[in-house]
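Subject: Structure handover

Hello,

Here is the structure I said I would pass on. Please open it first, then read my notes with it on screen.

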There are 2 protein chains.
Amino acid sequence: MAAADTLPIALDAMGGDNAPRDIVRGALLGAARLGVDVVLVGRSADVERELAAAVADDPAGGGAARARISVVDAAEVIGMDEHPAAAVRAKKGASVVVACELVASGRARAAVSAGNSGAVLAAALFHVKRLRGVARPAIGTSLPRSDGGSTFLVDVGANADCRPEWLAQFGVMGSVYARAMMGVESPRVGLLSNGEEPGKGSALVQAASPLLAAAPIRFVGNVEGKDLFHDVCDVAVTDGFTGNVALKTAEGIGEFLFAAISAEARKSLQGKVGGALLKPKLRPIRDRADYRSTGGALLLGVAGEVVIAHGRSDAEAIVSALRVAHTAAQRDIHSAIGREIAAVSGGSADDDVAVVAAADAGQHAHEAETRS
Amino acid sequence: MAAADTLPIALDAMGGDNAPRDIVRGALLGAARLGVDVVLVGRSADVERELAAAVADDPAGGGAARARISVVDAAEVIGMDEHPAAAVRAKKGASVVVACELVASGRARAAVSAGNSGAVLAAALFHVKRLRGVARPAIGTSLPRSDGGSTFLVDVGANADCRPEWLAQFGVMGSVYARAMMGVESPRVGLLSNGEEPGKGSALVQAASPLLAAAPIRFVGNVEGKDLFHDVCDVAVTDGFTGNVALKTAEGIGEFLFAAISAEARKSLQGKVGGALLKPKLRPIRDRADYRSTGGALLLGVAGEVVIAHGRSDAEAIVSALRVAHTAAQRDIHSAIGREIAAVSGGSADDDVAVVAAADAGQHAHEAETRS
């Protein structure tokens, strides 16, 4: 993949709550820090104006990084509230569509978007295409673990209703990810359930369990929600509904606890002093639980590297998403998934329209959780 | 219910990781603090010995509280690892069975057990019986909210696979609970989903949504995992699989964050001083997230008050569980649920055997989360 290494990463300049400003700034920061070329895809007049402003704000790093940035015009934008599949079909010139086309046509080695995540999924399915043998692409995300490691949770939102065979494929794709991206030699794959014992679980979990046991992975059986944060497994497999609820629940209680701690630390002098002393110590913990530092979720199961960044991404989050895309492209994750998935049937094939229609229901268009 | 007010609460002395010692001590503490009579149900020799030891340890309060405690012998015990329904059928003399029989026969006004929660559910179904019209009893639990209130999440483990009609009934039962136990006049009921917009969600969620909208409750539509910890709804309805995963995920990340904060606060002098100053301020936050202070989960939908306490319950957790049982009995929650559930069909009736068989799969026998 020597030629591919020189290709740029296509970045949807118009997607996300803070687009195009923070996306453009993230591109410059990413180019400087990661040494990658970035193609910003969007309304070129807007993008060029933001680029000029960003470079002016940061003459030190911005000027040098500017040489690594190119712009490809895309006249249309898909909004956060639009119906993902319909919008992707209707707006052929949308920035996220053009970014995925750059990957499909071999002009970019990865695509990154912080936009409507259902639309990113649809654009990837329609243009980058599913890998042969993959029943359903899935979205994975990393959760922090008490031992300093991570648990990769898949699926966190692409498929609200799953068949057992799909969960087995999620296990295979997650294992490839854990080996290639997390450096875990023999990843332990757990099946998220409401009890550790075999026989516990929904009908889906009970049907998926023997398929995961038969798959060419290191299946360790059922795991529970609390196990996600300890050294129990490296990959946790679940349907996109449960995964999304679990991820957002974790995010919700994390934010609640940090907010409560901050509030207590403001209430009294003792709290203020203690809080001021402890605050720098808490930052690394908070950062580990923060999507900004974890960046973007790789879409697993499509024929190219596509990263879904958090809708709230700021420039730093974009750098993290570019890092995921850069690493995934270097390690050619999608090809590794393609080789391994052939061993595990995903059941009968659906066409892309059915896949996207189902994904529409599963996918939270506004801000599907997209940490990786 | 004047006569019922004088009845004792039946407490399974043999159930839980710390039984009978902590259960017996919890009974004494609860009797003293709450002014309730307690029947300890278990192997009478063991229970009497623990009672004597506990009174000797605490001559101040123990001696006076002792007068409120009676003992009913139950020769058998159901272990944490036993198959719930089979064990309840086979062991007619098990402590949890006898405790439920005391409620059924009008000799106790509530039953509390920290034992095998599947067995508590089975014993309640077989002996206390389902309320007429209730398709499936459910377990609810309270989660702390950033505004100081609570979100009551139901079901957290009794039913791994649900029909849409059952979720509508969970909404009705949860509303009764929120009014009677949480003092919320017009409880907002949300449907836990992977996106707020109507149309998002699994097939189950999409089918349940119109049924909840048609039910005689204040349905506010879909809510997400992160909404559970903010002032978005008072009752969140979900299937027992998703609810259990969400609850254990919240518990897991909460423990992870507090452990990480403690570890950081031990690493340096600055951290130690800051931690020492902040620690008393953090205790109330930690307590709010701790099952010991929230005590027990009321089983919704059976013809009496049955409280499932956490398997790890210590004496303080037992006091909290007794408080839930006491309040539920005073407010006659099960009768209120019986009146309101008649308005909402739960679909075709199943027999108790089918209900228990399904609950076996859903219920985590070891330590189903049982905060309320």
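**The model**

Please keep in mind that this is a predicted model.

**Chain A overall**

Start with chain A. It has 15 helices and 11 strands. The chain holds 372 residues, and buried residues make up 64% of them. The exposed surface comes to about 12400 Å². Carbon and sulfur atoms supply 53% of that surface. I also looked at contacts in chain A between residues at least 6 apart in sequence. Of these, 78% join residues at least 24 apart.

**The sheet in chain A**

The 11 strands form an open sheet with mixed pairing. Reading across chain A, the order is E3-E2-E1-E4-E11-E10-E5-E6-E9-E7-E8. Neighbouring strands are turned by 30° against each other on average, direction ignored.

Strand E1 (residues 9-12) and strand E2 (residues 38-42) of chain A run parallel, joined by four bridges. Within that pair, Ala10(A) has Val39(A) in E2(A) as its bridge partner. Helix H13 (residues 315-331) of chain A packs on the sheet. This helix touches E1, E2, strand E4 (110-113), E10 and E11 of chain A. The direction of H13 makes about 160° with that of E11(A).

**Strand E10 in chain A**

Now go to strand E10 (residues 296-300) of chain A. Is it mostly covered or mostly uncovered? Mostly covered: five of its five residues are buried. In a regular strand the side chains alternate between the two faces of the sheet. In E10(A), Gly296(A), Leu298(A) and Leu300(A) point one way. Ala297(A) and Leu299(A) point the other way.

What does E10(A) pair with? One partner is strand E5 (residues 138-144) of chain A, antiparallel, over two bridges. There, Leu300(A) is the bridge partner of Ala138(A). Another partner is strand E11 (residues 305-309) of chain A, also antiparallel, over three bridges. Here Gly296(A) stands opposite Ala309(A). E10(A) and E11(A) form a hairpin with four residues between the strands. In that hairpin, Gly301(A) takes a positive phi near 110°.

**Chain B and how it relates to chain A**

Chain B can be laid on chain A with an RMSD of 0.0 Å. Which residue of chain B comes closest to the rotation axis? Gly274(B) does, with its C-alpha at 1.9 Å.

Chain B has an open sheet of 11 strands too, in the order E3-E2-E1-E4-E11-E10-E5-E6-E9-E7-E8, with mixed pairing. In chain B, look at strand E5 (residues 138-144) and strand E10 (residues 296-300), an antiparallel pair with two bridges. Ala138(B) stands opposite Leu300(B) in that pair. Helix H8 (residues 164-182) of chain B packs on the sheet. Among the strands it touches are E5, strand E6 (150-154) and E10 of chain B. The direction of H8 makes about 160° with that of E9(B).

**The interface**

The contact takes 63 residues from chain B and 63 residues from chain A. Together the two chains bury about 5400 Å², 68% of it on carbon and sulfur atoms. Asn194(B), Phe241(B) and Phe256(B) supply 13% of the area that chain B buries against chain A, more than any other three residues. Of the interface residues of chain B, 100% are also interface residues in chain A, so the copies meet through the same surface.

**Two alanines in chain B**

Ala276(B) lies in helix H11 (residues 269-288) of chain B. Its relative accessible area is 52%, so Ala276(B) is exposed. Ala265(B) is 11 residues away along the chain, with 8.2 Å between the two C-alpha atoms.

Ala75(B) sits in the loop between E3 and helix H5 (84-90) of chain B. Ala75(B) is exposed as well, with a relative accessible area of 55%. Leaving aside neighbours within four places in sequence, Ala75(B) is in contact with Arg43(B) and Gly93(B). Asp57(B) is 18 residues from Ala75(B) along the chain, and their C-alpha atoms are separated by 27 Å.

Best wishes

Conventions. Residues numbered from 1 in each chain as written. Chains lettered and ligands numbered in written order. Predicted model: local features only at pLDDT ≥ 70, side-chain atom pairs only at ≥ 80, totals over all residues. Heavy atoms only, no water. Pairing = 2+ DSSP bridges. Contact = heavy atoms within 4.5 Å. Axes fitted to C-alpha atoms, helices over the stretch in contact; angles between N-to-C directions. Buried < 20%, exposed > 50% of the residue type's maximum accessible area, 1.4 Å probe, protein only. Areas by Shrake-Rupley, 256 points an atom, 1.4 Å probe, with all protein chains shown as cover. Least-squares fit on C-alpha atoms with pLDDT ≥ 70 in both. Buried area = accessible area lost by both parts, 1.4 Å probe.
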